[in-house]
Amino acid sequence: MDAIKAITERVSVTKLTGPGPNEEQLNILYRAAFRAPDHAWMRPWRYLTVKDEGLTRLGEVFSEAGALTTPDLAEDKIQKLMDMPKRAPVVIVAIANIQPHAKVPAMEQRLAVGAGIQNILTAAYALGLGAVWRSGAMAQSNHVNKSLGLATNEEIIGFIYLGHVNCKLKKAPVLEKDDFVQDWPIKTAD
Ligand SMILES: Cc1cc2nc3c(=O)[nH]c(=O)nc-3n(C[C@H](O)[C@H](O)[C@H](O)COP(=O)(O)O)c2cc1C
């Protein structure tokens, strides 16, 4: 697929089904992630590929995290957390590994990981796969971090749900350039 088409027409897909991306497709997705702009080439990223039994284990971790935060969490909410990762055949956990650097603040390192996620989303779309970037409370949970083996300098930037598209693709909205872009210096009416 043409690069401009993929970038401008990509949409998120939440209704996903198996099979997940195969090994060749996963390799392409990670190569795309690794081409994110990255100040000082710090490579401040780390990714976990979760599939099969891993999705069940991740669901358990999510439900444990929910129960720890809200001890009287209703059974249906616990079950919802348990089922969350199974909304896709593959979930990629995108992690920022933040290192002290004289010229590259933590925010830039997080942004580099975000840019990598965007590359994965665009590459997935170009490959005909569906994908969506999710975060939520589970991306901020100490229990989730600990269970996934994150170090204290690491943060979850996103969960990327990946699979085959199981719905009609929505059409990408076309935003008006003038609503968001100005020439500077801005001309004022006199
Ligand atoms: C940092 C970040 C976190 C997000 N977290 C969620 C989320 O937890 N749940 C969700 O439904 N969408 C989340 N989104 C939004 C979707 O990924 C998606 O961009 C949005 O639904 C718009 O769809 P589109 O990408 O097709 O325009 C998040 C987006 C970003 C950038």
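Mentor: Buried means under 20% relative accessible area, exposed over 50%, and partly exposed in between, with a 1.4 Å probe and only protein chains counted. This is a predicted model, in which local features need pLDDT of at least 70, side-chain atom pairs count only at pLDDT 80 or more, and totals for chains, interfaces and linings use all residues. Residues are numbered from 1 along each chain as its sequence is written, and side-chain values use heavy atoms, with hydrogens and water left out.

Trainee: Why is Glu64 called partly exposed?

Mentor: Glu64 has a relative accessible area of 31%, which lies between the limits of 20% and 50%, so the residue is partly exposed.

Trainee: What makes the pair of Glu64 and Arg57 a salt bridge?

Mentor: A salt bridge needs a side-chain nitrogen of Lys or Arg within 4 Å of a carboxyl oxygen of Asp or Glu. The closest N and O atoms of Glu64 and Arg57 are 3.6 Å apart, so the pair meets that limit. Arg57, at 40% relative accessibility, is partly exposed.

Trainee: How do you know whether Asp38 is buried or exposed?

Mentor: Asp38 has a relative accessible area of 10%, which is under 20%, so Asp38 counts as buried. Its side chain meets that of Arg43 in a salt bridge of 3.2 Å, N to O, and Arg43, at 35% relative accessibility, is partly exposed.

Trainee: Which parts does the salt bridge of Arg110 and Glu155 tie together?

Mentor: The closest N and O atoms of Arg110 and Glu155 are 2.7 Å apart. Arg110 belongs to helix α5 (residues 106-126) and Glu155 to strand β5 (residues 154-165), so the bridge links parts that are 45 residues apart in sequence. Helices (H or I, at least four residues) and strands (E, at least two) are DSSP runs, numbered from the N terminus.

Trainee: Which residues do salt bridges that share partners join into one network?

Mentor: That network is made of Arg57, Glu60 and Glu64, and the structure holds 7 salt bridges.

Trainee: Why is Phe180 called exposed?

Mentor: Phe180 has 61% relative accessibility, which is over 50%, so Phe180 counts as exposed. Phe180 is found in helix α7, residues 177-180.

Trainee: How many residues are in the protein chain, and what share of them is buried?

Mentor: The protein chain has 190 residues, of which buried residues make up 40%, and its elements include 7 helices and 5 strands.
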